[in-house]
Each structure stands twice: as C-alpha cells, then as structure tokens.
Amino acid sequence: MASSLKNIIVIGGSYVGVATTQGLASLLPSTHRVLLIEPHSHFHHLFAFPRFAILPTYEHKAFIPYAGTFAGAPNPDRHHVVRARVSVLQQDRVVLDRDWHGVREIPYEYLVVATGTKLRAPGTMQDDEKPLSVKYLQGYQQRLQQAKSIAIIGGGAVGVQMATDLKEIYPEKEITLVHSRTQLMPLYHSKLDEIIKERCQELGVKLVLGSRVNIPADEFQQENISGEPITVSLQNGTTLQADVVIPATGQTPNTQFLSTLPASSGDSLINPANGFIRVKPTLQFQDPKYPNLFAVGDVADSGAHKAARPGAGQAKVVANNILAMIEGREAAQHIQVDPPAIHLTLGLTKNLVFANPDPGETEPWIKHRDDGKADMGIDGVWGRRGVSVKSDAEYHL
C-alpha cells in the first residue's frame with residue numbers, strides 16, 4: 001500500500017498503545033499518519049478477564065472491535081490498524097509476520113513500543129481471534145463451576161480479585177489464596193494488606209502466606225483430566241490440594257522482536273535485571289543509537305507504576321515529544337512518576353481506590369466503594385472505545 005505519508009508506528013494495541021495512537025492521531029500534521037500494529041482481532045479488555053473467567057454471560061463483551069480507534073481523530077481515514085505481529089524491528093522499518101496491503105516491510109520515521117507484558121492465563125489470552133478467546137473463557141468458567149476447591153497462586157491484584165470473586169459467587173467452594181510473602185500486594189502501603197485480609201476473612205477465603213510455591217513445568221495450565229485433586233507444594237515443605245489451581249504470578253515483557261536491533265552496548269536496550277526496555281524520562285530509548293524510538297507503558301523501564309492510569313499520562317508525553325521532533329524541536333517533555341495507586345475489586349460490588357502516600361506523607365489515600373457491577377460496566381467500555389452498539393448481537397461481532 002504505497003503512501004506519500006510518513007509513518008509513525010505504534011506496536012501494541014492494549015490500553016497504553018491505543019491511548020498513544022489516539023494522542024498522535026489528534027496532533028500529527030497532514031504529512032504523517034499513525035499505524036497501530038496489533039495481532040489481536042479485537043481490543044482485549046484485560047481488566048475484565050479475571051471476573052469473566054469466573055462469571056458466565058459477559059465473556060464475549062471483553063473483546064471490542066478496533067473500528068472506533070480513530071473515531072475522534074481529525075482525519076480518521078488517514079490512519080490504520082494493521083492486523084499483524086512485528087517479527088523484526090530495524091532502526092527505520094519493521095518486518096511483519098504477514099502481508100498488509102501487499103507489503104511486509106513498513107518504513108517509519110518514529111516508532112513507539114507499547115507491547116506490555118504477558119501474564120499467565122486467564123490474565124492473558126492464548127489466541128488472537130475473538131471466538132477462540134470467548135470459547136477459552138467459557139471453558140474456564142466450566143472448570144471452576146465443577147471444582148469443589150480452588151487455589152490461586154499469587155497475592156497481587158489478579159489473585160486477590162479472583163479469590164474474592166470466586167468466594168462471593170461460589171460461597172460453598174473452598175477458595176485458597178497462596179502468596180510467597182506475608183504481606184499481600186506488597187508494592188502498596190501495608191493498610192491495603194490489612195483491608196484485603198479483613199475482606200478475605202469476611203468471605204471465608206483461606207490465606208496461605210510466607211512461602212513460595214514450586215511451580216511445575218506446565219505452570220498448572222494443563223487441564224486436570226484425572227479428576228484427582230492437584231497437589232501444590234511449597235518451598236517450606238508444606239503441601240495443599242485443590243481441584244483447580246490458578247497461577248496469578250509474574251509477568252514477562254513482550255520484547256522478543258528487539259533481538260534483531262543492535263545495541264550500543266550489552267545492556268543499553270534491555271535492563272537485564274527485569275527485562276524491560278531502558279528509557280529516558282522523555283520515554284525515548286536510552287540507547288543513543290535510537291532517538292526516534294520510544295517505549296511506553298508496562299514494557300518501559302520508566303520507574304513508573306505499571307498500570308493503565310500512569311500509562312495514559314505516558315502516552316501524552318510520547319505524543320507531544322514526537323510532535324516536537326517532527327517540528328524540529330527537542331523532545332523535552334518528561335513523565336511524572338507518582339506513587340502507585342489502584343482501583344481494586346474485592347467481590348462483585350465492593351471495591352476501593354487506594355493510593356500510596358505522596359512524598360513527605362505517611363498515610364495512604366483510601367476510598368471504599370460498594371457500587372460495583374457484575375459486568376464491571378462493560379457496555380460503557382465499548383462506548384469509550386468508540387464503538388456504538390445498537391443491539392445485543394453486535395457485542396458478538
């Protein structure tokens with residue numbers, strides 16, 4: 001697809017990638033266009049996956065068409081969502097894993113990596129197509145329905161939310177939350193740990209804390225067809241049993257395509273301590289060879305809390321800095337790193353907003369709420385994604 005327009009490429013169409021794409025599309029001069037490269041057929045509303053893996057009825061709504069991505073742009077037809085994966089990244093072009101309008105190589109002037117991280121299922125889907133992902137969630141729901149006991153490994157946000165959802169939806173089931181530390185969600189002030197433990201006690205969620213689980217080679221991902229309980233062994237020598245084990249630990253940065261990009265030095269591209277892309281406060285790659293490359297969101301080693309809200313702020317910084325460079329100015333806008341904050345569900349209706357103390361303060365900011373919905377307000381998410389729905393059948397598209 002020949003074009004006289006100069007390309008700004010964004011790799012990755014999750015929350016921060018779409019926000020960056022939309023920010024760029026609203027700012028770019030008529031000489032440039034945005035190409036969002038994303039292999040999924042639909043936008044994955046990841047925040048709903050833990051809930052929709054448990055609760056039937058809404059799973060198809062977690063996958064939203066990309067059709068509305070550029071709905072708010074001044075010239076929406078100029079920009080495109082490219083359904084593909086980047087297999088090779090070079091300094092001035094990308095190579096796709098499939099043809100897009102007859103080409104596999106796309107040149108670019110600037111590029112933003114927004115590929116995020118991969119979680120263990122059901123936090124991340126294994127398939128790119130909506131029907132397969134919907135089927136996966138439905139199968140997961142059935143496994144949980146049939147189980148008498150369920151163990152969740154990992155006391156982060158996904159583990160806490162799944163444990164409290166499961167016990168509220170299935171009060172008769174034995175639900176166990178296992179965490180390697182004595183404090184749940186240790187990135188946050190200890191008062192969040194106290195709130196979660198109190199809620200787990202109220203619901204009857206059993207807590208097993210202070211020892212790491214020995215994760216088997218299959219990472220508990222294989223379906224238990226024997227019908228026998230699964231034995232979970234901990235490094236302190238104890239064991240527990242459950243019909244279903246849900247791994248909710250760890251995240252792997254999606255940076256595999258960077259392997260073809262030469263680094264100025266051994267670790268100038270990727271931080272070997274965590275696998276994330278090294279960036280400047282402008283979110284440009286820290287490697288001096290690549291001033292036209294940026295990283296944003298969870299994949300960036302920015303020092304910011306890895307969540308959608310700080311990612312949205314980073315998207316604005318990147319869009320403004322790329323515009324500055326197009327106009328011949330320096331990329332001078334820096335990200336602001338705020339204390340970690342989260343909106344956390346603790347069952348179908350109970351939830352809270354929690355923010356760590358600001359510098360110089362000692363107490364966190366907490367707002368308890370009891371206004372949650374079973375479907376997590378998913379219909380409104382479609383609208384905010386630029387997709388107008390006139391009938392329930394359209395949610396299946």
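Biologist: In which strand does H32 lie?
Modeller: This is a predicted model, in which local features need pLDDT of at least 70 and side-chain atom pairs count only at pLDDT 80 or more, while totals for chains, interfaces and linings use all residues. Residues are numbered from 1 along each chain as its sequence is written, and side-chain values use heavy atoms, with hydrogens and water left out. Helices (DSSP runs of H or I, at least four residues) and strands (DSSP runs of E, at least two residues) are numbered from the N terminus. By that numbering H32 lies in strand 2.

Biologist: Is H32 buried or exposed?
Modeller: Buried means under 20% relative accessible area, exposed over 50% and partly exposed in between, with a 1.4 Å probe and protein chains only. If residues up to four places away in sequence are not counted, H32 touches L5, K6, I8, R78, H79, E109 and I326, contact meaning heavy atoms within 4.5 Å. The relative accessible area of H32 is 3%, so this residue is buried.

Biologist: How many residues of strand 2 are buried?
Modeller: In a regular strand the side chains alternate between the two faces of the sheet. From strand 2, H32, V34 and L36 point one way, whereas R33, L35 and I37 point the other way, and all are buried. Strand 2 covers residues 32-37 and is mostly covered, the number of its residues that are buried being six of six.

Biologist: In which sense do strand 1 and strand 2 pair?
Modeller: Two strands pair if DSSP finds at least two bridges between them. I11 has I37 of strand 2 as its bridge partner, and strand 1, helix 1 (residues 15-27) and strand 2 make a right-handed β-α-β unit, right-handed meaning that, with the strands pointing away from the viewer, the path from the first strand over the helix to the second runs clockwise. Over six bridges, strand 1 (residues 6-11) and strand 2 pair in a sense that is parallel.

Biologist: Which residue in strand 5 does L36 stand opposite?
Modeller: Strand 2 and strand 5 (residues 80-82) run parallel and are joined by three bridges. Within strand 5, the residue opposite L36 is V81.

Biologist: In what order do the three strands of the open sheet stand?
Modeller: The pairing in this open sheet is antiparallel, and its edge strands, each of which pairs on one side only, are strand 21 (341-345) and strand 23 (365-369). Neighbouring strands are turned by 10° against each other on average, direction ignored, where axes are lines fitted to C-alpha atoms, for helices over the stretch in contact, and angles run from 0 to 180 degrees between N-to-C directions. Helix 5 (residues 190-203) packs on the sheet, touching strand 21, strand 22 and strand 23, and its direction makes about 165° with that of strand 22. The order of the three strands is 21-22-23.

Biologist: Which residues have the most contacts inside the largest nonpolar core?
Modeller: A nonpolar core is a set of buried Ala, Val, Leu, Ile, Met, Phe, Trp, Tyr and Cys residues joined through side-chain atoms within 4.5 Å. Among the residues that F285 touches are V113, L258, Y290 and F294, with residues up to four places away in sequence not counted. A second, separate core of 11 residues includes A151, V213, V232 and V245. In the largest core, which has 100 residues, those with the most contacts are V94 and F285.

Biologist: What is the relative accessible area of K148?
Modeller: K148 lies in the loop between helix 3 (130-146) and strand 11 (149-153). Not counting residues up to four places away in sequence, K148 touches K173, E174 and D243. This residue is exposed because its relative accessible area is 68%.

Biologist: Which peptide bond is cis, with omega near 10°?
Modeller: Most residues other than glycine have a negative phi, and most peptide bonds are trans. P122 sits in the loop between strand 10 (117-119) and helix 3. The cis bond, with omega near 10°, is the one from A121 to P122.

Biologist: What is phi of M185?
Modeller: M185 is found in the loop between strand 12 (174-179) and helix 5. With a relative accessible area of 5%, M185 is buried. Its phi, a positive value in a residue other than glycine, is near 45°.
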